[in-house]
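Biologist: Let us go through this model one question at a time. Please end each reply on the value or name I ask for.

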Amino acid sequence: GAYDRIVHDPPTFALAGELYSKEFYGELRRILSPQGKLYHYVGDPDSKAAGKQFQGILRRLQDAGFEGAATDFDAHGVVASHRQMQTKGRKVRRKEPGSAASKEKARVKGAKPKRTTTRNIRVSDLPSELNNC
């Protein structure tokens, strides 16, 4: 493969289901270098909409030949690679309902969402956690 990093940020499954298919993931795997990593944005794993998708996405990535695939709860997505990944202590499991983080989330749940902007980024601008999987 020719690419060390691939960022996959597709529209919702309802709008572009083919971008969540085993066949499409196989094409991403084909063009990913042996040491490369795929980051697949899904959304907040604790939300109803995105939360249901993670399990299917992980299964299809593995069916497409990715040996390593893990949910990154902090980055709201999935990181996948050709080989098994070492998580190096990163959070890849759902937080316990009674944890301080979930209490803080519940406290600010009613807060007004921040306005977001979209911009194109270079691979060198990717979060460092994508390099340390």
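Biologist: Which residue in strand 2 does Tyr3 stand opposite?

Modeller: The model is predicted. Tyr3 lies in strand 1, residues 3-8. Its C-alpha atom is separated by 4.9 Å from that of a residue 29 places away along the chain. The residue opposite Tyr3 in strand 2 is Leu32.

Biologist: How many bridges join strand 1 to strand 2?

Modeller: Strand 2 covers residues 32-41, and strand 1 and strand 2 run parallel. The number of bridges joining strand 1 to strand 2 is 5.

Biologist: In what order do the strands form the sheet, and which are the edge strands?

Modeller: The sheet is open, has 4 strands and shows mixed pairing, in the order 1-2-4-3. An edge strand pairs on one side only, and here the edge strands are strand 1 and strand 3 (68-72).

Biologist: What angle does the direction of helix 1 make with that of strand 2?

Modeller: Helix 1, residues 22-31, packs on the sheet and touches strand 1 and strand 2. The angle between the directions of helix 1 and strand 2 is about 140 degrees.

Biologist: Is Tyr3 buried, partly exposed or exposed?

Modeller: Leaving aside residues up to four places away in sequence, Tyr3 touches Ile31, Leu32, Ser33 and Gly36. Its relative accessibility is 46%. Buried requires under 20% and exposed over 50%, so at 46% Tyr3 counts as partly exposed.

Notes. Residues are numbered from 1 along each chain as its sequence is written. This is a predicted model: local features need pLDDT of at least 70, side-chain atom pairs count only at pLDDT 80 or more; totals for chains, interfaces and linings use all residues. Side-chain values use heavy atoms; hydrogens and water are left out. Helices (H or I, at least four residues) and strands (E, at least two) are DSSP runs, numbered from the N terminus. Buried means under 20% relative accessible area, exposed over 50%, partly exposed in between (1.4 Å probe, protein chains only). Contact means heavy atoms within 4.5 Å. Two strands pair if DSSP finds at least two bridges between them. Axes are lines fitted to C-alpha atoms, for helices over the stretch in contact, and angles run from 0 to 180 degrees between N-to-C directions.
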